[in-house]
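Hi,

Here is the structure I said I would pass on.

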Amino acid sequence: MANRSPSPSDHAEEKITLGTGNVFADLGYADAEQRQTKLRLAYAINEIIASKRLSQADAGARLGVGQPKISALAHYKLEGFSVERLMTFLTALDRDIEITIKKKPRARRSGRVTVIAA
């Protein structure tokens, strides 16, 4: 049987919802901000490891952890990592970390944590 392309009438009932920018919040996770922060830190770490062409064993030696931890990090299995530990990894990879605390805009309901990798 041939695949058919959806017709315009198939899309008529679909509703598109704009995301918040945090997929974890969109999925309803209670710790969405922490998950997003850890994900962005892990992404930065993985990018640095790749740019330095470090093997998982070499990266582990540099960060003071075993190769299985680097494998978990590479696959974004972040349950065993705290935000603080991920920041420590970044400093071990010769990166500076700046934390800026500022008043939130009135229009936003609550404060948030943002990670920007430069």
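**What covers helix 6**

The cover over the buried residues of helix 6 includes helix 3, helix 4 and helix 5. Before going further: this is a predicted model, where local features need pLDDT of at least 70, side-chain atom pairs count only at pLDDT 80 or more, and totals for chains, interfaces and linings use all residues. Residues are numbered from 1 along each chain as its sequence is written, and side-chain values use heavy atoms, with hydrogens and water left out.

Some terms, then. Helices (H or I, at least four residues) and strands (E, at least two) are DSSP runs, numbered from the N terminus. Buried means under 20% relative accessible area, exposed over 50%, and partly exposed in between (1.4 Å probe, protein chains only). Contact means heavy atoms within 4.5 Å.

So which residues of helix 6 are buried? They are Leu 86, Phe 89 and Leu 90. These residues sit on the same side of helix 6, because they cover an arc of only 100° around the axis (the arc is that of the directions from the helix axis to the C-beta atoms). Just after helix 6, Asp 94 has a positive phi of about 65°.

**The core**

A nonpolar core here is a set of buried Ala, Val, Leu, Ile, Met, Phe, Trp, Tyr and Cys residues joined through side-chain atoms within 4.5 Å. The largest one has 19 residues, and Ile 45, Leu 73, Phe 81, Leu 86 and Phe 89 have the most contacts inside it. At least two residues of this core come from each of helix 3 (32-51), helix 4 (56-63), helix 5 (67-74) and helix 6 (83-92). Helix 3 gives the most, with 6 residues. Leaving aside neighbours within four places in sequence, Leu 73 is in contact with Ala 42, Ile 45, Asn 46, Leu 78, Phe 81, Leu 86 and Phe 89.

**A buried Asn**

Asn 22 is in the loop between helix 1 (8-11) and helix 2 (23-26). Asn 22 counts as buried because its relative accessibility is 6%. Not counting residues up to four places away in sequence, Asn 22 touches Ala 32, Glu 33 and Gln 36.

**The chain as a whole**

The protein chain has 6 helices and 0 strands. Of its 118 residues, 23% count as buried. Among contacts between residues at least 6 apart in sequence, 54% join residues at least 24 apart.

Cheers
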